[in-house]
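Open your viewer and get ready to select things one at a time. Each stop tells you what to pick and what is there.

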Amino acid sequence: MHLYSESRGDFLLIRAAGDRIDAAGAIQFKDRMRELTQTSDARVILDMSKVAFLDSSGLGAVVAAMKALGPGRKLELADLTGTVEKVFRLTRMDSVFTIHKSVPEGLRNAG
Amino acid sequence: MPDELGLVGQAAPALPEISFPANQHQTCVTLAGNNDAVRAGLKRLMMLEPLAGLSDDARGTFEIVLAEALNNVVEHAYPNAPGPILVGVDHLPPVLRVSVYDLGLPMPDGQLPKGELKPLVEGEELPEGGFGWFLIRTLTLDLEYERDGGFNKLRFAVQAE
């Protein structure tokens, strides 16, 4: 799972470039997220538009990535694909994460 | 054409000592019980009929459930050394009937986990696991488990329409 981060004013926009966050890649995802987010206090938005599939290990890794941000700092998710959205909804994790329909205007195309 | 994971239409030739009940199913794949093989096996299965022709919604449900079932085999049936897993799929509208066979350790007490979600307490206590069997139980019909002659046999149906 390749993750790319870009600083956008108050935001750190992270783009998930791989198509799966699953048991084979969960640990790598978690470690890479920690690397990208630990040097900044900015709000973090994870662009999930390329992620077609996420399993329970992947969901656990996303939860772990939010916890690693520290107390009071939420991980915001944007542009969930159908299957990923289903996993968040069924597990009710959609009530825990801030989920944007798409990457907020103004962050999308810069850079 | 077999790839490096031995994914073929029937029981893999690399495992001749095991006779899986492969011919009973419309579509079968065998795969090794490790995370990378599960990923590759799922990707392959999603490109084959009957999965290739179903709606995105039905495909998503199938992939979520099967991924969780296979992850469970890798983690709990084959914790030390990966063994073979066979997946059989039959399209019997309005459902897909799915069988997952392995030769690993049996389910504790011969029972499937209850799969109850832990409370979603925000902060440090927010659960990072325990979603797998919840998802399986939520999305399947006719879920059954049987230990039979050294095999774990998990069977379930998911909506295909």
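In what order do the elements of chain B run from the N terminus on? They run β-α-α-β-β-α-β-β. That pattern holds three helices and five strands. Keep in mind that this model is predicted.

**Stop 1: chain B as a whole**

Select chain B. It has 161 residues, and 37% of them count as buried. Now think about contacts in chain B with a separation of 6 or more. Residues 24 or more positions apart account for 64% of those contacts.

**Stop 2: strand 1 of chain B**

Select residues 27–32 of chain B. This is strand 1, and five of its six residues are buried, so the strand is largely enclosed by the rest of the structure. For one example, pick Leu31(B): its bridge partner in strand 2 is Ile85(B). Strands of a sheet pair through backbone hydrogen bonds, either parallel or antiparallel.

**Stop 3: helix 1 of chain B**

Move on to residues 35–47 of chain B, helix 1. How far apart should its ends be, at 1.5 Å a residue? Its 13 residues should span 18 Å, and the end C-alpha atoms are 19 Å apart, which agrees. Several residues here are buried, including Val38(B), Leu42(B) and Leu45(B). Asn35(B) and Arg39(B) are also on the buried list. Look at what covers the buried residues of this helix: the cover includes strand 1, helix 2 and strand 2 of chain B. Strand 3 (20–21) of chain A is part of that cover too.

**Stop 4: the core**

In soluble globular proteins, nonpolar side chains tend to be buried together. Here the largest nonpolar core has 71 residues. Select Leu46(A), Val65(B), Leu66(B), Leu70(B), Val87(B) and Val100(B), the members that touch the most other members. Helix 2 (residues 56–77) of chain B gives the largest share of this core, ten residues. Now zoom in on Leu66(B). Leaving aside neighbours within four places in sequence, Leu66(B) is in contact with Leu42(B), Val87(B) and Val98(B).

**Stop 5: where the chains meet**

Show both chains. The contact takes 25 residues from chain B and 23 residues from chain A. On the chain B side, helix 1, helix 2 and helix 3 (132–139) each give two or more residues. Helix 2 gives the most, with eight residues. The chain B side divides into nine nonpolar, seven polar and nine charged residues.

**Stop 6: the sheet of chain A**

Switch to chain A. Find an open sheet of five strands in the order 1-2-4-6-7, with mixed pairing. Which strands stand at the edges? Strand 1 (3–8) and strand 7 (98–100) do, each with a single partner strand, so one side of each is left without a neighbour in the sheet. Neighbouring strands are turned by 25° against each other on average, direction ignored. Strand 1 pairs with strand 2 (residues 11–16) in the antiparallel sense over six bridges. Arg8(A) has Phe11(A) as its bridge partner in strand 2.

**Last stop: a loop**

Return to chain B and select Pro79(B), in the loop between helix 2 and strand 2. Is Pro79(B) buried or exposed? Pro79(B) is exposed, because 11 other C-beta atoms lie within 10 Å and the cut-off for exposed is 12 or fewer.

Note on methods
Residues are numbered from 1 along each chain as its sequence is written. Chains are lettered from A and ligands numbered from 1 in the order in which they are written. This is a predicted model: local features need pLDDT of at least 70, side-chain atom pairs count only at pLDDT 80 or more; totals for chains, interfaces and linings use all residues. A residue is buried if 20 or more other C-beta atoms lie within 10 Å of its own, exposed if 12 or fewer, and partly exposed in between; C-beta atoms are placed from the backbone. Helices (H or I, at least four residues) and strands (E, at least two) are DSSP runs, numbered from the N terminus. Two strands pair if DSSP finds at least two bridges between them. A nonpolar core is a set of buried Ala, Val, Leu, Ile, Met, Phe, Trp, Tyr and Cys residues joined through C-beta atoms within 7 Å. Two residues are in contact if their C-beta atoms, placed from the backbone, lie within 7 Å. Ala, Val, Leu, Ile, Met, Phe, Trp, Tyr, Cys and Pro count as nonpolar, Asp, Glu, Lys and Arg as charged, and the others, Gly among them, as polar. Axes are lines fitted to C-alpha atoms, for helices over the stretch in contact, and angles run from 0 to 180 degrees between N-to-C directions. The expected span of a helix is 1.5 Å times one less than its number of residues.
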